[in-house]
Amino acid sequence: MAIALITGITGQDGAYLAKHLLGLGYKVYGAARRNSNYNTERLEILGVEKDIKIREFELLEESNIRNVLEEVKPDEIYNLGAQSFVAASFKTPLYTSDVTGLGVLRILESLRSICPESKFYQASSSEMFGKVLETPQNEDTRFYPRSPYGVAKVYSHFITQNYRESYDIFACSGILFNHESPLRGNEFVTKKIAKAVARIKKGKQDQLKLGNLEAKRDWGFAGDYVEAMHLMLQANIADDYVISTGETHSVKEFIQASLEVADIPFEWEGEGIDTCAISKKSGKKIVVCSEEFYRPAEVDSLLGDSSKARKILGWEPKTKFASLVDLMVKYELENN
């Protein structure tokens, strides 16, 4: 039985990956920070919390990392742990850099001396492309990060590549574009939209405030993307892959699709910062823009080219944009 260690096990990706690996017959260990209180809500929603062994794991403390690796002796390590909220990285740049960047180095250095035969997956991010220099973005596109989070992810991406080439470690990075689900954290825009739309539908909220509605992203379903993570570690040669749908949609489109799923008649008015959605029923503004939600440095558009993963790994995204929005909004309508 193969053994997998997943950092960030209590997050969206960790939960979906755990379920996927358990379904394949893996023994799964989850690594979680001590002060996270092991919030297993997402694992419970997917019905897998009882099948996972949780271990205290701190990306800031190498001795702790070494102790866990010595105990678990994993065949595969999936590093999904990070300070992963872009907006928060502007407020905590040093912490973000230490956890999201140097935390990866601590794992790799521990792996190199304790379990060098273990396969390693690093969760890279489309935020590394930032101010994009070509569209769509692929594995050879130059990085131009626009946030401390993006910069930290670039470091973690290159240090993973460096350890692969320097020490012959089977280490891969998945450059994942935005991937969402009902399990997405409340601080992320898609979850914020889905939850607010459900509350507006039920009369529990009057208005949703957001930042740049014209920002465009390549949005996929997290459940599809974790399958790509696993496939990378089953390949004959360790390499890096872009994982994306190849379609781009604006925040405004996500809002519109969400309101339509919730059957809330509306119309758009204004442009730029003055853009708002007006309820046809009440005549009130139910979605407005606010400068407080704009980033200090905005990433306007991201669009991934995952042709390499499709060709070599045989991976394909299964969930279309409309189905993703439908899944998220209906979940909130049923559970919010």
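Where is the place of Pro265? Pro265 sits in the loop between helix H9 (251-261) and strand E13 (266-269). Helices here are DSSP runs of H or I with at least four residues, strands are runs of E with at least two, and both are numbered from the N terminus.

Before going further, some housekeeping. This is a predicted model, where local features need pLDDT of at least 70 and side-chain atom pairs count only at pLDDT 80 or more, while totals for chains, interfaces and linings use all residues. Residues are numbered from 1 along each chain as its sequence is written, and side-chain values use heavy atoms, with hydrogens and water left out.

**The whole chain**

The protein chain has eleven helices and 15 strands. Its radius of gyration is 20 Å, close to the 20 Å that the globule rule gives for 336 residues, so the chain is as compact as a globular protein of that length. (That radius is taken over C-alpha atoms, and the rule is 2.2 Å times the number of residues to the power 0.38.) Along the principal axes, the C-alpha trace spans about 65 × 45 × 40 Å.

Of the 336 residues, 53% are buried. Buried means under 20% relative accessible area, exposed means over 50%, and partly exposed is in between, with a 1.4 Å probe and protein chains only. The accessible surface comes to about 15000 Å², and 47% of that belongs to carbon and sulfur atoms; the areas come from the Shrake-Rupley method with a 1.4 Å probe.

As for contacts (heavy atoms within 4.5 Å), take those with a separation of 6 or more: 75% of them are between residues 24 or more positions apart. On the charge side, there are 42 positive and 48 negative side chains, and the centres of the two sets lie 4 Å apart. Lys and Arg count as positive and Asp and Glu as negative, with His and the chain ends not counted; each charge is placed at NZ of Lys, CZ of Arg, CG of Asp or CD of Glu.

Pro265 is partly exposed, with a relative accessible area of 43%. Leaving aside neighbours within four places in sequence, Pro265 is in contact with Ile278, Ser279, Lys280 and Lys281. Ser307 is another story: 42 residues along the chain from Pro265, with 38 Å between the C-alpha atoms.

Helix H9 has Val251, Phe254, Ile255, Ala257, Ser258 and Leu259 buried. The cover over the buried residues of H9 includes helix H7 (189-201), strand E15 (285-289) and helix H11 (321-335). After H9 comes Asp263, with a positive phi near 55°.

**Aromatic pairs**

How many aromatic pairs does the structure hold? It holds eleven, where rings of Phe, Tyr and Trp (its six-membered ring) pair if their centres lie within 6.5 Å, and planes under 30 degrees apart count as stacked, over 60 as edge-to-face and the rest as tilted. For Tyr78 and Tyr121, the ring centres are 6.0 Å apart and the planes are at 45°, so this pair is tilted. Tyr78 belongs to strand E4 (residues 76-79) and Tyr121 to strand E5 (residues 119-125), so the pair ties together parts that are 43 residues apart in sequence. Elsewhere, ring pairs link Phe129, Phe143, Phe158 and Phe177 into a cluster.

**A few more residues**

Here are some accessibilities side by side.

| Residue | Relative accessible area | Class |
|---|---|---|
| Tyr78 | 0% | buried |
| Tyr121 | 0% | buried |
| Thr160 | 0% | buried |
| Tyr29 | 8% | buried |
| Lys73 | 58% | exposed |
| Asp168 | 71% | exposed |

Thr160 lies in helix H6 (residues 148-167), and its contacts beyond four places in sequence include Val104, Leu108, Phe120 and Cys172. Tyr29 is in strand E2 (residues 27-32). Not counting residues up to four places away in sequence, Tyr29 touches Ile3, Ala4, Leu5, Ile6, Ile52, Lys53, Arg55 and Val72. Tyr29 and Ile54 are 25 residues apart in sequence, and their C-alpha atoms are 5.8 Å apart in space.

Lys73, in the loop between helix H3 (62-72) and E4, has a positive phi near 50° without being a glycine. Asp168 is not a glycine either and has a positive phi of about 55°; its loop runs between H6 and strand E6 (171-176). Finally, the peptide bond from Thr135 to Pro136 is cis, with omega near -5°, and Pro136 lies in the loop between E5 and H6.
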